[in-house]
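Look over the sequence and the structure before reading on. The text below leads through them one part at a time.

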Amino acid sequence: MELPPLPPLTKTQERALILGLILAGWAFVVAARLFGLQILGHDDFSRLARRQQETFRPIGAPRGSIFDRHGSVLAISSGSHKVVVNPKRIPNKEIAAALLARILGLSGGFGFVAWQHELPVGFALARDLGSEGEILSLGVTPDCRRLGIGRLLLRAVIDEAARRGLPSIVLEVADDNAAARGLYASTGFVAVGRRPRYYRRDGETIDALLLRCPVNDESPSI
Ligand SMILES: CC(C)(COP(=O)(O)OP(=O)(O)OC[C@H]1O[C@@H](n2cnc3c(N)ncnc32)[C@H](O)[C@@H]1OP(=O)(O)O)[C@@H](O)C(=O)NCCC(=O)NCCS
């Protein structure tokens with residue numbers, strides 16, 4: 001049976017048909033894109049996102065001591081410390097790098113870094129001179145000062161000196177550095193010398209004070 005021919009479309013129907021086709025095409029493109037993103041490319045995109053958000057930091061478990069069959073210690077675990085610098089917080093990277101390289105190149109150096117929310121906020125660099133310890137540099141980022149971080153770093157250096165059997169710790173501090181002098185004084189450091197006009201700052205010279213703190217069980221608890 002032959003179907004009767006369809007009546008010609010009116011102008012309105014023609015416009016509605018074109019619009020419908022455009023919408024259907026647009027919906028198809030969106031659906032195809034979504035399918036590509038959500039189904040086909042899902043694994044790649046989520047891997048990419050994870051790589052941007054996650055960092056992996058292996059933390060070795062302490063191994064503990066190893067004993068021989070007579071109970072004598074053959075090997076011990078000992079921690080090692082690293083210094084990490086956040087370049088965004090250093091005004092002059094070349095000068096800072098040269099200073100740190102000089103300090104890190106010295107023999108017997110050890111140090112500690114204070115972290116807060118995955119960001120380094122302070123550090124202490126010290127040196128084992130054999131007969132005593134020396135604090136080479138200590139600093140806390142300006143927005144994290146007066147929170148006890150400097151005190152903790154100093155405590156860590158004193159504890160390490162005690163562990164190494166060093167009887168005392170020395171350091172130099174600028175005479176006008178009230179914050180550092182307050183910290184050292186409250187920790188048991190006393191002035192044992194003065195180097196006149198040791199530091200030069202803004203055309204002025206400032207004396208350096210030589211401070212020493214005994215390292216023993218009687219040193220004040222900080
Ligand atoms: C010195 C410095 C390391 C102190 O670090 P910090 O984390 O702010 O010190 P803490 O919060 O642990 O303070 C410990 C004590 O130090 C003394 N102190 C710290 N900042 C002080 C300040 N601005 N004025 C006076 N005393 C201060 C106080 O006795 C304080 O104890 P309190 O808070 O109970 O009063 C920090 O100010 C710094 O980085 N300064 C610039 C670098 C520097 O001068 N380094 C020393 C080179 S020798």
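The model is predicted. Begin with helix α4, which runs over residues 149-163 and so has 15 residues, by the way helices are assigned here. From its first C-alpha to its last, α4 reaches 21 Å, close to the 21 Å expected at 1.5 Å a residue. After α4 comes Gly165, with a positive phi near 75°.

Which residues of α4 are buried? They are Ile149, Gly150, Leu153, Leu154, Val157, Ile158, Glu160 and Ala161. The cover over these buried residues includes the strands β3 (109-116), β4 (119-128), β5 (133-140) and β6 (168-174), along with helix α5 (178-185).

Now take the largest nonpolar core, which holds 25 residues. Those touching the most other members are Ala124, Ile135, Leu153, Val157, Ile169 and Leu211. At least two residues of this core come from each of β3, β4, β5, α4, β6 and β8 (204-214). Helix α4 supplies the largest share, 6 residues. Leu211 has contacts beyond four places away in sequence, among them Val170, Leu171, Tyr184 and Phe189.

How many residues surround the ligand? There are 18, and the closest are Arg145, Gly150, Arg151, Gly182 and Leu183. Elements giving two or more residues to this shell are β5, α4 and α5, and α5 gives the most, with 5 residues. By type, the shell has 9 nonpolar, 6 polar and 3 charged residues.

Conventions: Residues are numbered from 1 along each chain as its sequence is written. This is a predicted model: local features need pLDDT of at least 70, side-chain atom pairs count only at pLDDT 80 or more; totals for chains, interfaces and linings use all residues. Helices (H or I, at least four residues) and strands (E, at least two) are DSSP runs, numbered from the N terminus. The expected span of a helix is 1.5 Å times one less than its number of residues. A residue is buried if 20 or more other C-beta atoms lie within 10 Å of its own, exposed if 12 or fewer, and partly exposed in between; C-beta atoms are placed from the backbone. Two residues are in contact if their C-beta atoms, placed from the backbone, lie within 7 Å. A residue is near a molecule or strand if its C-beta atom, placed from the backbone, lies within 6 Å of it. Ala, Val, Leu, Ile, Met, Phe, Trp, Tyr, Cys and Pro count as nonpolar, Asp, Glu, Lys and Arg as charged, and the others, Gly among them, as polar. A nonpolar core is a set of buried Ala, Val, Leu, Ile, Met, Phe, Trp, Tyr and Cys residues joined through C-beta atoms within 7 Å.
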